[in-house]
Every structure is written in structure tokens, then in C-alpha cells.
Amino acid sequence: MSNLRQQMPPRFKMPSLGTILLIIAFVSLFYLGLRHADVTFDRLTSGIGNMFHFVSSAFPPDPSRISSISSAMYETFQIALVGTAIGVVLSLPIAVLASRNTSPNNFIRVATRGMVSTMRTIPDLIWALIFVISVGLGAFAGILTIIVDTIGFCARFFSERIEEVDKGPSQALESTGSSRLGVISGSVLPLGFASFVGTGLYAFEKSIRAAVVLGLVGAGGIGVELSTAFTLRRFDEALMIIILILVVVIAVEQLSSTIRKKII
Amino acid sequence: MNSITVNEVTKTFPDGTTALTNVSFTVNPGEGVVLLGHNGSGKSTLFKCISGFEKPTTGEIKYGDHDITTLSKRKFRPLRKKVGMVFQDFHLIYNLSVFQNVLFGAMGNSKTFVQTLAFCASDDMRMKAMECLDRVGLAHLAKRRADQLSGGQQQRVAIARMLMQDPEIVLADEPIASLDPRAGREVMELLWEIVRERKLTVVCILHQTEIALEYGERFIGLHSGKLVMDQIKGQVSKEELTTLYNKESTFESFQKAGATHE
């Protein structure tokens, strides 16, 4: 009986030193962060006042420049569509090179993986800045940004799907004496197809949201209109733009999720 | 090249388990060999070695005069073209059409895989695929998606794919284990009929002793990684085959030894 009592786990366990240090670090950084940003109740209340001012001067939204706003929105849509389509197509071979079961060798696999994570880790606004410097202001820089963004996202998920594809069908094709490329194109890619399309559509939804803000740094589309409206304090026009963005983004998301459900 | 020679094959896995110890036998051209043994007897490992998906630790495996254990993947490909395989779980590309699956059988024999895509393949090749499907009695289902078919039908499609390859050797890994008894018998009947009419060399893993006796011409039995039976039809009785399965596996005898020890 006393033996059992000795073996019984205690009610509470002392957390390890590492855990304690982690908690201390988190709490102090959190406190310093609050202090640094000067988060006070005062500023919050005056903030609500300013917000009310914005809302009251934004209503009713001003549709006078609707045609030029619409064409800017259309440009945003084009950036997202073209960029995502090219990005998805490029993602396929990249994902094949980056997957354990399809990559020709370890060096290429690690190198492509590294490239894809770099593309993903650097935020899209920074890519946009880089491309604006390289190819100049406008939609082209936006498209390049969306391509990079899409590859960073799609190549990773495509590769995950490729790695979990059932080995059997590939073995069946391999046993006919076919080349590696044949095995991959004949079994791995068709088996992953539904998932690739789903991921691609999701990437398109993501791209349209990303493309909206790209204009803020001059990479084309609606963003620049929004930025100008705010600088000129024309809040009613800004609201019109925001409403248009909302309508288009929701429409694209609805459309893409409908297609996705049909496919999967 | 339609004989298979297994010579002193031993397979030891990195974790130290020995799956095969000094297994040797020769399958003659046109011979129908049934490979038997319970789970863990090493027959799946042997099968993987014969089909080239695993390399034996020592020993050689030959198709005709070619030792396949020393070949690189690229050099092995031309030999593989002559070896058709049928798997327990069919291994079709389930979301493609039956027709496309059969066409893929010709992938090894085509210059590029593009020539086996349904919309690019030559008229002759498309016709041949239909003939292969007709041989297994499924020409009317060519347009269906593979996963819409029953298990027995899917295995027949896999046989048609194997035919499309024009093999000289057929390796079948428990071809009827995932099928109900009736569909299993039909598939077995069809497979053996085809193999006989084309005089193909066959190595087939089977668990059903009755069916094995009915179709096999030679019986090779494995137990604990060793060859314990190699007999031709007529020399072997159902009891002998059943005993092969009733022998204690190494794991069971190990457990018993442990139990008596305590």
C-alpha cells in the first residue's frame, strides 16, 4: 500500500526552469510593449472621437469617381488573376522538385525548399517595393509580387500533398519501366489534382486581398486610389472604395468556394 | 529473358531483422509458380526483391541472364518493360478513366509518357488499349472513372494495363486478397487464362491454399525467411500447404519461449 503511495504522481508538478524563464520573458516583454505603444485609456477615448469624425464625414459614400475607381479595381482583379495563374503553374514543377518522393536529389530538394520559404517569409509588400524598384511603378510589379506570393504558398502545399500521395499507383507505373517524369506525370500529379485546384483557388482569394494593398506602394491597382483619398481627407470617396473592395473580394471568395466544393 | 533466377538471396534490414536467408530457386520460362507463406514469412520481401523495389543484401536475382541487383534504376528500366505486375490493391490512378489507366501500361514501351495520354496517343495504341480492355471483358466501361468500378472490375482493369505492357513475366502480389470469394475466383480464372494463352512466366503470391492448388504448377513455400517447400503440382497435397500456414511463426515461438521462461 505504501509502495503504491510512493508511485502515485503528485497533484502538481514544479514547472521546469525553462518554462519559468519563458513565462517571465513573455510577461516582461508584454508589459514593455504596452508601455512603449503608450496604450492609455485617454488615447482610446479620443481615438473613438476621431473614428466618429471619419465615419460621419465618410457618409454618404461619394460615387462621383466611380468609373475611375472601378477601372482601378479591375486592374487589381487582373493583377490577382494573372499573377495567381502564372504562380500556380510555376508552383507545380517547383513542388515536384521540393518533395521527398519526387525530387531528383537531396541537394535540389533542400535548395528549392529554401527558395520557397524565402518567398513565403518575406512579406508581399516588401516584394512589391523590390519589384517597383526593378520594373517600375504599375501593374507589372504587382503581378510579379503576386507570382512570388503564390509560389511561396502553393509550392509548399502542393509539395505536402505530393508527399502524402499513395505510393501504390506510382509503383505500378514504375514497374512498367517508365521514366521518372512519366511516373510523376501519370500518377502523382493526377492523384493530387483536386487538391492542387483547391489550393490554387484559395491562393486566388488570398491574392485578391493582397493585390488590394499593393497599390499603396505603387504596384498598381485600387490601393493607390485609397491612399490618395485618405491623404486628401476625402473620406466619402475612401468609403466608396472600401465598399467596392468588399464587394469584389466577397464575390471572388464566394465564386471560388463554390468551384472548390464542386471539385473536391 | 523470361526465366527468373533467385540465387542465395539474403535480406537484412537496417534494424537487424533478417527477412530472407539464402533463398534460391529458378522459375523456368512459361512456368506458373505460386509463392506461399504466412505473414512475416518473408514472402513479401522476396517479392519486392524479385520485382526490383528492394535490393537483396547479398545474392543475385536474374531475369534471364541479367542480374537486376547490380543495375542502376535507369539501366533496370528496359528490363522492367518485360515484367508486368498485378497488385493486391490494384494500384489504379483512381481519379482517371479506365481507358487512361490501361494506356499507362504502355508507358515503359513509349518514347515519352505523353504518347500514353488518352488525347495524344496514336490510333493504334488507343485501339490496342480497347482490345486489352475487351480481353478482360470491360470494353464497355472504358469511359468510366476507375473508382466507379467494383473491386473485381478494378483488378481486371489492372490486368488489362498489365497486358498493354506486353510482358513476358507476370508478378502478382496477392491479386485476389482484397476481393470477395466469387470475384476473386473470376479474376484468378481470367488472369491464369491470359497467362496460359500467352505462355507467360508467372510468380503469384496466394493465401488461399485451395485456389493455389487449382492454378499453381509449382509451389514455393517460405517460413521464417527460409525456403521450406519447392514442389510441383501432383507432389503436394492440401494438407502440406495448410501445414505451411499452421507452423508457428518466429514471433509466436518467441512468445512461447518467453512464457515458459517466466
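Residues are numbered from 1 along each chain as its sequence is written, while chains are lettered from A and ligands numbered from 1 in the order in which they are written. Because the model is predicted, local features need pLDDT of at least 70 and side-chain atom pairs count only at pLDDT 80 or more, whereas totals for chains, interfaces and linings use all residues.

**View 1. Chain A as a whole, with eleven helices and zero strands.** Helices (H or I, at least four residues) and strands (E, at least two) are DSSP runs, numbered from the N terminus, and from that end the elements of chain A run α-α-α-α-α-α-α-α-α-α-α. The C-alpha atoms of chain A fill a box of roughly 70 × 70 × 40 Å, taken along the principal axes. A compact globule of 264 residues would have a radius of gyration near 18 Å, but chain A has 26 Å; this radius is taken over C-alpha atoms, and the globule rule is 2.2 Å times the number of residues to the power 0.38. Of the 264 residues of chain A, 37% count as buried, where a residue is buried if 20 or more other C-beta atoms lie within 10 Å of its own, exposed if 12 or fewer, and partly exposed in between, with C-beta atoms placed from the backbone. Two residues are in contact if their C-beta atoms, placed from the backbone, lie within 7 Å, and among contacts in chain A between residues at least 6 apart in sequence, 74% join residues at least 24 apart.

**View 2. The packing of helix H4 (residues 66-98) against helix H11 (residues 235-263) in chain A.** Two packed helices are described by the angle between their axes and the distance between the axes. For H4(A) and H11(A) the angle is about 40 degrees and the axes are 11 Å apart; axes are lines fitted to C-alpha atoms, for helices over the stretch in contact, and angles run from 0 to 180 degrees between N-to-C directions. H4(A) and H11(A) are therefore oblique to each other, given that angles under 35 degrees count as roughly parallel, over 145 as roughly antiparallel, 65 to 115 as roughly perpendicular and the rest as oblique. The crossing of these two helices is right-handed, a crossing being left-handed if the near helix is turned anticlockwise from the far one by less than a right angle, and right-handed if clockwise. From H4(A), the residues A:Ile66, A:Ile69, A:Met73 and A:Phe77 meet A:Met240, A:Ile241, A:Leu244 and A:Val248 of H11(A). By class, this contact has eight nonpolar, no polar and no charged residues, where Ala, Val, Leu, Ile, Met, Phe, Trp, Tyr, Cys and Pro count as nonpolar, Asp, Glu, Lys and Arg as charged, and the others, Gly among them, as polar.

View 3. A:Ile245 counts as buried because it has 21 C-beta neighbours inside 10 Å. Leaving aside neighbours within four places in sequence, A:Ile245 is in contact with A:Val212 and A:Ile222. The C-alpha atoms of A:Ile245 and A:Ile222 are separated by 8.3 Å, the two residues being 23 residues apart along the chain.

**View 4. The packing of helix H4 (residues 123-135) against helix H5 (residues 151-164) in chain B.** These helices pack at an angle of about 135 degrees, with their axes 8 Å apart, and H4(B) and H5(B) are therefore oblique to each other. H4(B) passes H5(B) in a right-handed crossing. In H4(B), B:Lys128, B:Ala129, B:Cys132, B:Leu133 and B:Arg135 meet B:Ala160, B:Leu163 and B:Met164 in H5(B), and by class this contact has six nonpolar, no polar and two charged residues.

**View 5. Two glutamates of chain B, B:Glu8 and B:Glu174, with positive phi.** Most residues other than glycine have a negative phi. B:Glu8, with phi near 50 degrees, is found in strand S1 (residues 4-12) and counts as exposed, with 12 C-beta neighbours inside 10 Å. B:Glu174, with phi near 45 degrees, is found in the loop between strand S7 (169-173) and helix H6 (181-197) and is buried, with 20 other C-beta atoms within 10 Å.

**View 6. The side of chain B that touches chain A.** Here 21 residues of chain B are in contact with 18 residues of chain A. Helix H2 (73-80) and strand S6 (83-86) of chain B are the elements that give two or more residues to this side, and the largest share, three residues, comes from H2(B).
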